[in-house]
Amino acid sequence: MQNYELMLLLNPNTTDEVDEFLNDLKKIIVDNKGNLVDTKLLGKRQLAYPINNMNYANYVHLDVKIEPETLNILEEKFKYDQNVFRHLTVKLGI
């Protein structure tokens, strides 16, 4: 198991769907024997530059403990989900 930090920029017009999206992520993590350590909803913030003609995004920060294979599944989901503007994954520890 490896610790990762995930930062997601989500579509600000889908505020109601953020909880549903996070529940889907939690299900993927738990089904693959991972652990969602912490979730921080940082709220709607202004972007430095427009993304998809939007000037704002919902910021979500996740601390997870998962296998690298599970990370690949999550990143694949982020890649094809239209509500995810950007995502950043940081591996913690050595």
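Colleague: Is Val90 buried, exposed or partly exposed?

Modeller: Val90 is partly exposed, at a relative accessible area of 33%. Buried would be under 20% and exposed over 50%, with partly exposed in between (1.4 Å probe, protein chains only). Bear in mind that this is a predicted model: local features need pLDDT of at least 70 and side-chain atom pairs pLDDT 80 or more, while totals for chains, interfaces and linings use all residues. Residues are numbered from 1 along each chain as its sequence is written, and side-chain values use heavy atoms, leaving out hydrogens and water.

Colleague: OK, and where does Val90 sit?

Modeller: In strand β4, residues 84–91. Strands (E, at least two residues) and helices (H or I, at least four) are DSSP runs, numbered from the N terminus.

Colleague: How many bridges join β1 to β4?

Modeller: There are 7 between β1 (residues 2–10) and β4. Met7, for instance, has Leu88 in β4 as its bridge partner.

Colleague: Switching topic: where's Leu22?

Modeller: Leu22 belongs to helix α1, residues 18–31. Leu22 is buried, with 11% relative accessible area.

Colleague: What does Leu22 touch, beyond its neighbours within four places in sequence?

Modeller: Thr39, Leu41, Val60 and Leu62, where contact means heavy atoms within 4.5 Å. Thr39 is 17 residues from Leu22 in sequence, and their C-alphas are 8.9 Å apart.

Key: Pairing = 2+ DSSP bridges.
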